[in-house]
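Have a look at the structure first, then go through the points below.

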Amino acid sequence: MTHRFDPDAHLLDLATVSRERMEVLLGRAEHYARGGTAPQALEGVAVCTLFFEPSTRTRLSFQLAAQRLGAHVLGFDVSTSSASKGETDLDTLRTLEAMGVRGFVVRHGREGAVRELAGRAGPRSALINAGDGRNAHPTQGLLDMLTLRQAKGTDLSGLKVLVVGDVRHSRVARSDLQGLRTLGVADIRVCAPPALLPGPEVLEGCQVVPVLDHALEGVDVVMLLRLQRERMEEGTVESLDAYHHAYGLDARRLALAAPGAVVMHPGPVNRGVEVTDEVADGPQSLILRQVANGVAVRMAVLEALLGGPQPPHGLA
Ligand code: CP
């Protein structure tokens, strides 16, 4: 059976999320971050974390978020599933839908794969993009916006924000930049090796500053990115030492930022490459606050997409 694809039934990226919708999600996430509960919000709902790429934070925080809302949670391990016998992604989705699963948290190595699946999903299903290739990681973008609001206040428009590192391969950077623009941040700087800069469509509204010491001057927020070596051709980065020398954040460099500047990184961190231990574990680091906020944001997103009256089980 075919049905009209409703993009609002899913969370596929932040480009199509209005400021109003983002504020509502962040407000609800703040409620959960402060210890708010809704233990029956997803009672009777089955949620599957369908990860075709590795993850620690996103997968486990979605599972915890769904459990805290009272959902049944199913993990999907590609290596022990029938996907390893050649079952297609769509047949996997339809098999789970036939079991009554309604929430699908999907990570995939290919850009656009989650949107394609959402376009073929049944009318009761909600898909959440947990990262597709270099395209988007919307819940990471939302949790980063929540973390920024907690640290700097709800009006982010006057902030100076610097994004440093492998922007080219980063779905986190794309979602963070979309989130920052939506919430009115006007001063966004980007610093990266030329080979790790993305196309101009990603950098809309950003100022590229090639030298890190210059880029850091007076910024309120430093958003570091992981070097995505698994998505790079060999030789893109000369050496990790050379990268750290030019683009690594250490205490001397951090002192160039505004007093009280905060440091963020989506994780996993390549310690000694993107950032020194001293900074990653120091008082200006929000890295573990980002992780904690991941659970709260994912509760808000799951509730928004899957809460409310439940349709009966069975094939539509
Ligand atoms: N930040 C992030 O997506 O981390 P994981 O790959 O561990 O989920």
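α5 and α6 cross in a right-handed way (right-handed means the near helix is turned clockwise from the far one by less than a right angle, left-handed anticlockwise). Bear in mind that this is a predicted model, where local features need pLDDT of at least 70 and side-chain atom pairs count only at pLDDT 80 or more, while totals for chains, interfaces and linings use all residues. Residues are numbered from 1 along each chain as its sequence is written, and side-chain values use heavy atoms, with hydrogens and water left out.

**α5 against α6**

- The axes of helix α5 (residues 138-152) and helix α6 (residues 171-182) come within 8 Å and cross at roughly 50°; axes are lines fitted to C-alpha atoms, for helices over the stretch in contact, with angles from 0 to 180 degrees between N-to-C directions.
- That angle makes α5 oblique to α6 (under 35 degrees is roughly parallel, over 145 roughly antiparallel, 65 to 115 roughly perpendicular, and the rest oblique).
- On the α5 side, the contact (heavy atoms within 4.5 Å) is made by Pro-138, Gln-140, Gly-141, Asp-144, Met-145 and Leu-148.
- α6 answers with Val-172, Ser-175, Asp-176, Gly-179 and Leu-180.
- Sorted by class, the residues in the contact of α5 with α6 are five nonpolar, four polar and two charged (Ala, Val, Leu, Ile, Met, Phe, Trp, Tyr, Cys and Pro count as nonpolar, Asp, Glu, Lys and Arg as charged, and the others, Gly among them, as polar).
- Helices here are DSSP runs of H or I with at least four residues, strands are E runs of at least two, and both are numbered from the N terminus.

**α11 and its partners**

- α5 also packs on helix α11 (residues 287-306), at an angle of about 115° with the axes 8 Å apart, and this crossing is right-handed.
- Residues of α5 meeting α11 include Thr-139, Leu-143 and Gln-150, and among those they meet are Arg-289, Asn-293 and Val-301.
- The contact of α5 with α11 has five nonpolar, seven polar and three charged residues.
- Helix α1 (residues 19-33) packs on α11 at about 125°, again with axes 8 Å apart, and passes α11 in a right-handed crossing.
- The contact of α1 with α11 includes Leu-25 and Tyr-32 of α1 and Asn-293 and Leu-305 of α11; by class it has eleven nonpolar, one polar and three charged residues.

**Two domains**

- The domain assignment, automatic or from a database, gives domain 1 (7-137 + 293-306) and domain 2 (139-292).
- Arg-134, His-137 and Asn-293 supply 30% of the area that domain 1 buries against domain 2, more than any other three residues.

**A cis peptide**

- Gly-267 and Pro-268 are joined by a cis peptide bond, with omega about -10°.
- Pro-268 sits in the loop between β9 (262-264) and α10 (277-280).

How values were computed. Buried area is the accessible area (1.4 Å probe) that two parts lose on being put together, summed over both.
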